[in-house]
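Subject: Structure handover

Hello,

Here is the structure I promised to pass on. Have a look at it first, and my notes follow below.

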Amino acid sequence: MGSEVMAEIVQPVSVGVGRNAMWGYSPAFDLTKYLSCDSKDGKESNVLLAGPGDIRHVLETLRARQTKQNHEKIVVYIWEESLECMARHIILTRILLNRQESIQTRTQTFLESYGNVLVHKKTAELIAEIANQIYKEMAEDAEFIKPFFDLTCLKFRERDGIEDIFKFSRAKKPQFDSRYLWDNRCRHYLGSRYNSAANVIDWDYHMRMKSYAPIIHKLHYRRWRIQGIIVERQGKCTEPNRTLATEIRGMHKKRGPVNVKGFWSDILISPYISYGVHTTEKKFYERSQNQYKKHSVDICEHNLEQVMQAIAPHEKKEEETTVSSADDEEITILEAATMTSGDDEKVDTSPEQRPVVPSLESKAKSVQTTGTSANTPDLSNITVRFLFGDLAKLLAKSKYDGLFDLIFVGQAVAHVCMTKALNKNVSKRGCTVIAETVKYVPVKLNEKKLYVEKLREMGKAAGWKTLGKADLAAMNEFKFPMPSDDRMHVPVSSGEGDKVNVKEFEKKQESYPECMFPFVYFRA
């Protein structure tokens, strides 16, 4: 009887993950890094991202290309299950590329808009302003949105749907109570365990999340699970984050099928995974007293700052300095004293006879004019095209035959994409296929292994070859803790002298189960 009661009150993990993914469940990586020599033809590279959840891979690719001075043309096709996610990609990109604001300000604004259910009033006003700008731009040109978004692959009604989303986001008082909707989702997921939510969250963290991403602090994870906030600085977050509003099909008792607007995204895994788990800087993984000195929020800020410094450095404003009339008089008296040769000689101090002295304002303008153009990154060599609808029908068109050099499949849509839509016909020879695993999803280890086995079966059915350990270096890059050659990540022993058997630790790292990697790699 007890087991039957537990089966009624405990919801499956899929209920907590939600219907519409608004952030990714794996670290960001450079797309061009996985382009094989066979797939590069010297013209342009075409990449398909199926259900990535956010724009992280595109931003990381831009950062890497700007650092390497790589100017080859790349076209990224992004397929999402919801139009709201596409509109969110555009708004987040605009926030990140706003060079008028400092990098620190943009980092905080981006993180709030990315993962917070509630945001500061200033952030909410900025989202509404950006949505209003895009809405007006789409009225003039509905096919291309700055800086690199192409909507030509969408139908007219789908473009109108995106336009309606921006219209909703720019409203002064949108009907979207995100705090109430978040609490409603938590109540539905936890059921009778809602009154002891703190204990449930603590169990989820220590038994699931801490084993796969210990850099995420338990206090941050608990705050997000309860309040829906990943970062909160300089005051309370009180305004709803309208970029998280999505629609799903529901059934009304009287009106029948209807679209229900609400918060239908993740309330279980957390947005820290995309930017807050992996970084190449080893200092973020240093530990003292068996505790990490840094945490996932620090890594999020570091990764975003690296992206902004590469593709959108801060554009300093002009110095608003003016010379007062008293300063003019003082300069004139000084000039007269230097020009006077005798006591009886008169000096004409009329404005026409005064020497021209350049002001500080004009100097600042000249410096900014000469420096801005040289430091402005070139984003014209990348294009992002959105796809929407039945992916199998879309990719069945002849224009997609043998088009893609790289394919990424998100874990939320793998069962849809890898069974019907993706096959050997849409990939070039030597195309790399990267499938996202459920490493960070709070399920049991044997379930993670079963998921990887299922991915391999679907990849084999699609005609792809499993890379396995042939690409071990790439898989080691995203291993957590970091690769075994970094001694800072060796766990501290509590024995005498705090000595650690490094050989046993390295042996354990080599036998790391493949389901603990965030990706599975295939070759077409």
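**What I found**

Phenylalanine 148 has a relative accessible area of 1%, so it is buried (buried means under 20% relative accessible area, exposed over 50% and partly exposed in between, with a 1.4 Å probe and protein chains only). Before going further, a word on the source: this is a predicted model, in which local features need pLDDT of at least 70 and side-chain atom pairs count only at pLDDT 80 or more, while totals for chains, interfaces and linings use all residues. Residues are numbered from 1 along each chain as its sequence is written, and side-chain values use heavy atoms, leaving out hydrogens and water.

**Aromatic rings**

The structure holds 20 aromatic pairs. Rings of Phe, Tyr and Trp (its six-membered ring) pair if their centres lie within 6.5 Å; planes under 30 degrees apart count as stacked, over 60 as edge-to-face and the rest as tilted. Phenylalanine 148 and phenylalanine 149 form a tilted pair, because their ring centres are 4.9 Å apart and their planes are at 45°. Phenylalanine 149 is buried too, at a relative accessible area of 0%. Its ring also pairs with that of phenylalanine 386: the centres are 5.6 Å apart and the planes at 10°, so this pair is stacked. The partners come from distant parts of the chain, 237 residues apart, with phenylalanine 149 in strand E5 (residues 149-150) and phenylalanine 386 in strand E11 (residues 382-387). Helices (H or I, at least four residues) and strands (E, at least two) are DSSP runs, numbered from the N terminus. Phenylalanine 386 is buried as well, with 0% relative accessibility.

Elsewhere, ring pairs join Trp23, Phe110, Tyr114, Trp182, Trp224, Phe263 and Tyr275 into a cluster.

**Charges over rings**

Lysine 261 lies over the face of phenylalanine 168, 4.5 Å from the ring centre. Lysine 448 has its charged end over the ring of tyrosine 212, 4.1 Å from the centre. For such a case, NZ of Lys or CZ of Arg must be within 6 Å of the ring centre and within 35 degrees of the ring normal.

**Two helices**

All 14 of the 14 residues of H4 are buried, so this helix is largely enclosed by the rest of the structure. Glutamine 108 is in helix H5 (residues 103-115) and counts as buried at 17% relative accessibility.

Happy reading!
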